[in-house]
Amino acid sequence: MQRAIQMSLENVQSGRGGPFAALVVKDGEIIGEGANQVTSRNDPSAHAEVVAIRQACQRIRSFKLTGCEIYSSCEPCPMCLGLIYWAGLAKVYYGNGKQEAAAIGFDDSRIYRELTLPYEQRALPMVQMMREEAQAAFRAWQAKPDKIPY
């Protein structure tokens, strides 16, 4: 955690991004690390956890991080938390909480609220279309004998 906090401070001081950093650890060894790069890369998905998880996956050549832990300087946002679940990380350690992040302008409460609402009540319209046509890819996946299950 000390390394994540140090990286988050360095990220602010360097002007490369927001005050966030994360490390992925496996068996006591850092296998991925990243600092927030949203503004420096013009990439809204370049959160510290995403950068660290991508690096860790490349390093171990797997899309699953089973048995790994993530240390983040701040409680993960909804996007990062979803990725953490998808990657199969075993545990999350974090420094600052989402309330502290909100107090300095990184407020995810709107997203958390929106996710609990039915589609028709969300601020972002959700419109399903061409469902039948889209099913073709799902049928092909189901029938594929050599697929790699997630």
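Q: What should I know about the model before we start?
A: It is predicted, so local features need pLDDT of at least 70, side-chain atom pairs count only at pLDDT 80 or more, and totals for chains, interfaces and linings use all residues. Residues are numbered from 1 along each chain as its sequence is written, and side-chain values use heavy atoms, with hydrogens and water left out.

Q: How many salt bridges are there?
A: Four. The rule is a side-chain nitrogen of Lys or Arg within 4 Å of a carboxyl oxygen of Asp or Glu.

Q: Which residue does R3 pair with?
A: R3 pairs with E33. Their closest N and O atoms are 3.1 Å apart.

Q: Where do those two sit?
A: R3 is in helix α1 (residues 2–14), and E33 is in strand β2 (residues 29–35). So the pair ties together parts that are 30 residues apart in sequence. Helices (H or I, at least four residues) and strands (E, at least two) are DSSP runs, numbered from the N terminus.

Q: What about R131, which residue does it meet?
A: R131 meets E132 in a salt bridge, at 3.0 Å from N to O. R131 is partly exposed at 43%, while E132 is exposed at 53%.

Q: And K144, what is its partner?
A: D146, with the closest N and O atoms 3.1 Å apart. K144 is partly exposed at 37%. D146 is exposed at 54%.

Q: New topic. How many residues are in the largest nonpolar core?
A: It has 17 residues. Those with the most contacts inside it include V24, I31, I53 and L65. Such a core is a set of buried Ala, Val, Leu, Ile, Met, Phe, Trp, Tyr and Cys residues joined through side-chain atoms within 4.5 Å.

Q: Which element supplies the largest share?
A: Helix α3 does, with five residues. Elements β1 (21–26), α3 (48–60), β3 (68–74) and α4 (78–87) each supply at least two.

Q: What does L65 touch?
A: Its contacts (heavy atoms within 4.5 Å) include V24, I31, I53, A56 and L89, not counting residues up to four places away in sequence.

Q: Which residues are in the second core?
A: That separate core has five residues, among them A4, M7, A21 and L23.

Technical notes. Buried means under 20% relative accessible area, exposed over 50%, partly exposed in between (1.4 Å probe, protein chains only).
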